[in-house]
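Good morning, everyone, and thank you for making time for this short talk. Please take a moment to look at the model on the screen before I go through it.

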Amino acid sequence: SSYLLDRYGSLWRRRQQLGDEIAFHPHLYRRGAGGWCQDKEPSSLRAQVLRSYSAMMDAGFRARVSRIGEAYCSNAVMDALEECGIQIDSTAMPGRVRIDAERSLDWSLTPEHAYYPAVDNYGLPGNPARKLLEIPMSMLSTMADYDQEPLLRYLDLSFHPRAMRDGVSDLIKTAETIVAVTHTSAVLKRATPHGLISFSADAFAENLGLLLSECSRQERAVRFVTLAQIAC
């Protein structure tokens, strides 16, 4: 579980020295007859989370923040994260539901703002509530080349600017915070074009400029912070 931390430890430590935050990001799968699929069994989920977080600590990294791969979550996952001492999670995708052979996520009723999840419902604030704070990813209306109509997706700065331009203004009007996501592989050039992901560092820069200019237009101040700093 700790291979990337062990193999590239010097890189991560340099990034920490520069102010970046190293967080916990497990993908919780099990191997079935047809290949890998989402693990949904509570005891297995707990074991996976505890095992991988222990490996992270053994590699010399202790995380305060988590995000579960593919935006999967459950009450059992939240139990395990709290058992690990995670204080902040940022897995929620407010308004998104997808349950099929490839994905399993249900954030249909989740608010857009930060909240302390109910003990019996990870997707909603409630009482009794957990000590862990959920800070949702920012969602906005997007239109990929292959979409028939706009679709709510998380804010990804590697998208084609044309796919997200129309949704940025509405996002900034109401957002308390903006939580953006970018996978490094999605800004590296590749030969085959994609209808949503740009695979371009220039597009990343254009999207960031779009966010900043829209904040300026709406007279909203901007400060770049880590998720742990948002919680503070």
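Predicted model: local features only at pLDDT ≥ 70, side-chain atom pairs only at ≥ 80, totals over all residues.

**Aromatic pairs, strands and a pocket**

Let me begin with Y122, which is buried, because its relative accessible area is 15%, and buried here means under 20% relative accessible area, with exposed meaning over 50% and partly exposed in between, for a 1.4 Å probe and protein chains only. Residues are numbered from 1 along each chain as its sequence is written, and side-chain values use heavy atoms, with hydrogens and water left out.

Now to the aromatic rings. The structure holds two aromatic pairs, where rings of Phe, Tyr and Trp (its six-membered ring) pair if their centres lie within 6.5 Å, and planes under 30 degrees apart count as stacked, over 60 as edge-to-face and the rest as tilted. F24 and Y53 form an edge-to-face pair, at 5.2 Å centre to centre and with 75 degrees between the planes. This pair links distant parts of the chain, since F24 is in the loop between α2 (9-17) and β1 while Y53 is in helix α3, 29 residues apart; helices (H or I, at least four residues) and strands (E, at least two) are DSSP runs, numbered from the N terminus. Both F24 and Y53 are buried.

W107 and Y122 also form an edge-to-face pair, at 5.0 Å centre to centre and with 90 degrees between the planes. W107 lies in the loop between β6 (104-106) and β7 (117-118) and Y122 in strand β8 (residues 121-125), so this pair ties together parts that are 15 residues apart in sequence. W107 is buried, with a relative accessible area of 1%.

Let us return to helix α3 (residues 42-58), where M56 is found. M56 counts as buried because its relative accessibility is 5%. Which residues does M56 contact, leaving aside its neighbours within four places in sequence? They are L5, I22, A23, F24, F61 and A63, with contact meaning heavy atoms within 4.5 Å.

Next, the strands. Strand β1 (residues 29-32) and strand β2 (residues 35-38) pair in the antiparallel sense over four bridges, and two strands pair if DSSP finds at least two bridges between them. β1 and β2 form a hairpin with two residues between them. The bridge partner of Y29 in β2 is Q38, and R31 stands opposite W36 in β2.

There is also an open sheet of three strands, in the order β3-β4-β9, with parallel pairing. Its edge strands are β3 (65-66) and β9 (133-134), each pairing on one side only. Two bridges join strand β4 (residues 88-89) to β9, and the partner of I88 in β9 is L133.

Finally, the second largest pocket. It is lined by 18 residues, of which E112, M139, L171, T174 and A175 lie nearest its centre; on a 1 Å grid over the protein atoms alone, a pocket is an open set of points where a 1.4 Å probe fits, with protein on both sides within 12 Å along at least five of seven lines, and lining residues have an atom within 4 Å of a point. Helix α5 gives the most to this lining, with five residues.
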